[in-house]
Amino acid sequence: MDQSVVLQETLELGEQCRAAVQGIILDGESNESRIIGLVECNSEYAIFMYTHRRMAIIAEDVSLEEIVPVSKDFVIEEVIQDTHVIGSDTTVKIISRGVDLELQLPFGSQTRIFLQETRKACEELHKQPVTGGFPPQFLWLSKYRQKKGFQLHRSMGEKYTNCTPSSSDQKGKKMANKIGGDSDLLAIQHGGEERDSHTYEDGRVEPTPEKPDKMKPDITDDMVRNASVLATSKAQILMMPQFGLRDNLIKSELLKQEEKYTYIRNYRIFAGTYNVNGKSPKEDLKPWLSYDAEPPDIYCIGFQEIDLSKETFLFNDTPKEEEWFVAVTESLHPLAAYAKIKLVRLVGMMLILYVRKEHAAYVTEVEVETVGTGIMGRMGNKGGVSIRFQFHNTTLCIVNSHLAAHTEECDRRNQDYKDICSRMHFIQSTLPLTSLTIMKHDMIIWLGDLNYRICHPDVEAIKKLIKMKDYARLIKYDQLTKHMEESGVFQGFKEGKINFQPTYKYDIGSDHWDTSEKCRVPAWCDRILWKGSNIEELEYRSHMALKISDHKPVIAIFQAGIKVVNQELYRKTYENIVRQLDRMENDSIPSVSLSKTEFHFENVKFMQLQVQTLTIANTGLVPCQFEFITKLNEPSYCKPWFSATPNKGILIEGERIEIELEVYVNKFTALSLNMGEDRIEDILILHLQRGKDYFMSIWGNYLPSCFGSSLQALCHMKEPIREVKPQRIQELERMAKENKSFDCFANELPLDVPKEIWMLVDHLHRNASFQGDLFQQPGLKSEFEEIRDCLDIGIPDFLPGSNHSITEALLLFLDALPEPVIPYYLYKCCLEGSYSYTLSEQVVSKLPQCHKNVFNYLMAFLRELLKNAACNNLDVPTLASIFGALLLRLPPNATSQCDVIESKKAAQVFITRFLTLKDG
């Protein structure tokens with residue numbers, strides 16, 4: 001996840017988070033996690049350090065703790081150990097006036113980009129003339145000085161003599177003069193031998209390629225048990241990517257001509273998936289992971305539901321992660337030594353990647369990403385986790401997903417798949433800075449509990465076909481097979497022939513079909529699909545021997561043809577490209593043609609994406625590098641409701657590229673559009689390096705919505721918001737924002753609560769009190785859009801969509817309020833009084849009347865739902881956590897830097913008081 005997006009929400013206008021990374025402060029035995037960001041304002045830089053909750057998604061999840069200005073005496077350097085444990089993360093020192101911090105940063109592009117940007121900031125600073133004294137430019141940090149609970153370090157421009165790189169006396173370590181870091185791998189010894197060459201069937205021997213000068217994956221030794229640790233004399237320093245036009249053109253040309261210097265070598269990949277139903281690993285996993293005689297070269301193992309507890313669902317924390325990791329590590333094939341490359345987890349979904357030790361040096365560009373598709377698109381009880389990497393010269397992406405459950409939720413599963421594909425973006429540190437998505441890899445393996453069912457009304461008929469092993473006939477009723485053909489999901493993916501019985505649902509501890517009251521229809525929920533060239537499936541099977549879950553694990557064995565570099569041919573290709581570029585340089589200035597320069601986005605709606613395409617064609621005689629650049633005195637190249645993907649790149653002669661121009665209004669931008677402070681209007685500047693600038697107009701209109709409007713304004717609108725004149729909306733919102741009295745509307749009796757909230761709650765109260773998984777299962781986007789339009793355009797007798805979609809619409813409505821139900825100025829009072837129901841009641845009594853009405857209305861509704869908890873599966877902790885985060889939000893300009901997790905818990909306790917109407 002790109003943490004810079006979260007940090008940006010905490011900054012003032014004109015300040016921009018250039019890069020961010022989550023790391024660990026190393027302080028003796030106390031190692032604490034922080035999110036570290038490089039913030040820029042008017043060409044000055046500072047390091048911002050934040051405490052955070054475990055899964056930082058929004059600004060309220062982080063809390064500013066410390067600021068270190070990037071001044072003349074600022075130093076950031078890598079710490080390299082003489083005896084370096086294979087697989088260690090990058091360790092850096094930050095040294096400045098009064099500052100001596102040691103940070104452990106994870107391997108990956110976030111760390112690499114953070115270090116690159118910090119180095120650039122230092123270089124820019126030292127190019128400026130020395131002014132002496134306290135740099136006056138850092139006055140933009142003065143507003144943070146009064147904030148309680150964190151430190152603002154002020155550098156006075158003096159030389160720092162007590163803690164320089166040369167004077168560090170830490171035993172076994174020494175400073176490097178470059179920012180960066182590299183790591184080899186922590187190997188798990190099972191008695192395997194290293195291979196120094198590859199022998200083909202015709203007897204020809206191909207020597208093992210030289211180890212590439214590329215980034216290597218991060219592994220920490222404390223994550224592996226019962227393993228022998230290999231050591232090297234010293235870690236190599238990361239090569240810092242260069243961003244010059246020439247370097248990028250060389251890289252681009254090398255990719256296009258890779259057939260000239262690569263050859264195909266086959267490797268064996270093991271892919272496995274297992275929904276463990278919240279159970280701990282109490283049985284031997286070797287029958288699943290070490291079944292075959294030949295050990296695989298690569299293991300990619302996915303789990304779902306490793307923990308079903310409410311704590312894991314709400315806080316993404318579980319001890320079972322390590323339990324399953326250890327169990328898997330100890331069950332890998334005994335005839336080989338393996339290195340853990342990466343582990344990624346989101347709530348109950350976990351994916352682990354291992355490679356044989358001798359291949360570890362050729363695994364590079366490792367990145368992970370997670371996408372939650374649960375309620376409000378955030379909760380991670382459903383969604384996907386992914387690891388992408390480059391093996392030799394082939395890019396691979398492994399996705400582990402857990403899609404929506406229940407036979408009737410096929411559309412929801414399809415939406416989950418599409419959401420994962422569209423939202424799963426991997427950061428690239430080198431040009432072209434296109435959005436690296438799942439589909440932009442040479443090979444993709446998608447595994448998991450996809451939850452597609454067998455759709456047949458007669459359970460006994462299904463079981464009869466299973467008993468006859470007539471899987472060819474049974475597969476005709478499989479939802480996934482049908483929807484791959486008809487609904488555009490998993491397009492281009494392949495699946496092996498299914499010759500095993502359905503993997504769900506079994507009585508735990510047996511091979512008997514579900515005998516519970518629900519008597520689930522057997523289904524092939526657990527699947528493994530693949531996409532790409534030079535990849536062939538050798539095996540596809542389930543493993544009935546494992547019985548701890550109501551699912552059975554599934555595996556697929558692949559033979560993957562990996563592109564391996566011949567170093568001699570690589571050097572020749574590289575030299576030829578360089579010579580060609582030498583001849584081309586200075587021949588001509590770059591030029592491009594644009595498909596059009598005006599883009600009209602008509603009737604933009606809240607949370608409804610509109611996309612148009614711009615085609616850029618290189619019409620010049622030389623390659624060109626393009627980028628959308630920032631206009632004067634503006635923080636970004638575009639308005640916050642707009643984006644261009646990619647926003648920079650390179651084109652060789654005659655090449656063209658399509659740029660997606662997107663307009664998307666969310667809770668952060670809706671209010672300014674409703675108030676008329678902003679419009680769907682912007683000018684984009686497309687800059688060519690060594691060339692001219694091109695200007696494009698973006699314009700359109702935004703349809704006002706109750707989503708993103710204030711409670712006070714909505715209470716004074718008795719008609720739908722689309723029927724209200726824009727001037728009146730702007731006046732009402734301006735008065736609400738400035739906290740002015742609405743006495744001028746004394747002759748108009750306001751509504752007790754906004755009609756939109758009443759409609760949503762009333763519908764749910766009448767139709768969803770007994771609905772299972774309420775507030776826990778998301779709805780459909782298409783249905784949300786229908787619900788939003790009904791609320792904005794008219795007052796229908798009956799809202800469209802499922803109960804889950806209407807529930808999610810209510811949560812999105814509350815989340816989009818510019819001032820939450822509990823106003824920001826009462827946030828602290830709520831937390832302080834949360835231990836007492838009486839004190840909590842006193843705080844609510846201070847709410848503005850419409851806020852008080854909404855709060856009491858919502859609490860009464862939730863208490864009614866809890867009366868039917870046996871049917872709807874709701875409980876007080878779940879509702880208190882969800883509504884605590886929505887009704888009480890950390891003020892955007894809070895001066896008190898309180899602990900975020902403790903604040904979340906206090907907000908949960910506050911809501912609990914009103915759900916139980918008592919203390920304790």
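This is a predicted model: local features need pLDDT of at least 70, side-chain atom pairs count only at pLDDT 80 or more; totals for chains, interfaces and linings use all residues.

Biologist: Why does Ser43 count as partly exposed?

Modeller: Ser43 has a relative accessibility of 43%. Buried means under 20% and exposed means over 50%, so Ser43 falls in between and counts as partly exposed. You'll find Ser43 in the loop between strand E2 (30-41) and E3.

Biologist: What is the phi of Ser43?

Modeller: Phi of Ser43 is near 70°, a positive value in a residue other than glycine. Asn603 has a positive phi too, about 55°, and it isn't a glycine either. Asn603 sits in strand E29 (residues 598-604). At 34% relative accessibility, Asn603 counts as partly exposed.

Biologist: What makes Phe48 and Trp140 a stacked pair?

Modeller: Two values. Their rings are 6.3 Å centre to centre, and the limit for a pair is 6.5 Å. Then the planes are 10° apart, and under 30 degrees counts as stacked. So both tests are passed, and the pair is called stacked.

Biologist: Why does that pair tie together parts that are apart in sequence?

Modeller: Because Phe48 lies in strand E3 (residues 44-52), while Trp140 lies in the loop between helix H2 (109-127) and helix H3 (142-145), the pair links parts that are 92 residues apart in sequence.

Biologist: Are those two buried or exposed?

Modeller: Phe48 has 0% relative accessibility, so it counts as buried. Trp140 has 10%, and it counts as buried as well.

Biologist: How do you know that Trp446 and Phe490 are edge-to-face?

Modeller: Use the numbers again. The centres are 5.2 Å apart and the planes make 80°. Over 60 degrees is edge-to-face, so that's the label this pair gets. Trp446 is in strand E24 (residues 443-449) and Phe490 is in the loop between helix H11 (479-486) and strand E25 (526-532), so this pair ties together parts 44 residues apart in sequence. Trp446 counts as buried at 0% relative accessibility, and Phe490 is buried with a relative accessible area of 1%.

Biologist: How many aromatic pairs does a search of the whole structure find?

Modeller: The search finds 30. Ring pairs also link Tyr274, Trp288, Phe303 and Trp324 into a cluster.

Biologist: Which residues have the most contacts inside the largest nonpolar core?

Modeller: Phe775, Leu814 and Phe855, in a core of 102 residues. Helix H21 (residues 849-866) gives the largest share of this core, nine residues. Phe775, leaving aside its neighbours within four places in sequence, is in contact with several residues, among them Ile375, Leu811, Phe861 and Phe883. A second, separate core has 49 residues, including Val347, Leu351, Tyr540 and Phe558.

Biologist: How do helix H17 and helix H18 pack?

Modeller: Helix H17 (residues 781-793) and helix H18 (residues 803-815) pack at about 65°, and their axes are 9 Å apart. H17 passes H18 in a right-handed crossing. Glu783, Phe784 and Ile787 of H17 make the contact with Ser805, Ile806, Ala809 and Leu812 of H18. Those residues divide into five nonpolar, one polar and one charged.

Biologist: In what kind of crossing does H18 pass H23?

Modeller: A left-handed one. H18 and helix H23 (residues 876-887) pack at an angle of about 35°, with axes 8 Å apart. In that contact, Leu811, Leu814 and Asp815 in H18 meet Ile882, Phe883, Leu886 and Leu887 in H23.

Biologist: Which peptide bonds are called cis?

Modeller: One of them runs from Tyr504 to Lys505, with omega near 5°. Lys505 has its place in the loop between H11 and E25. A cis peptide bond also joins Thr645 and Pro646, where omega is about -5°. Pro646 is in the loop between strand E32 (642-645) and strand E33 (648-651).

Biologist: And how much of the protein chain counts as buried?

Modeller: Of its 920 residues, 57% count as buried. The chain's secondary structure comes to 24 helices and 36 strands.

Terms used:
Residues are numbered from 1 along each chain as its sequence is written. Side-chain values use heavy atoms; hydrogens and water are left out. A nonpolar core is a set of buried Ala, Val, Leu, Ile, Met, Phe, Trp, Tyr and Cys residues joined through side-chain atoms within 4.5 Å. Buried means under 20% relative accessible area, exposed over 50%, partly exposed in between (1.4 Å probe, protein chains only). Helices (H or I, at least four residues) and strands (E, at least two) are DSSP runs, numbered from the N terminus. Contact means heavy atoms within 4.5 Å. Axes are lines fitted to C-alpha atoms, for helices over the stretch in contact, and angles run from 0 to 180 degrees between N-to-C directions. A crossing is left-handed if the near helix is turned anticlockwise from the far one by less than a right angle, and right-handed if clockwise. Ala, Val, Leu, Ile, Met, Phe, Trp, Tyr, Cys and Pro count as nonpolar, Asp, Glu, Lys and Arg as charged, and the others, Gly among them, as polar. Rings of Phe, Tyr and Trp (its six-membered ring) pair if their centres lie within 6.5 Å; planes under 30 degrees apart count as stacked, over 60 as edge-to-face and the rest as tilted.
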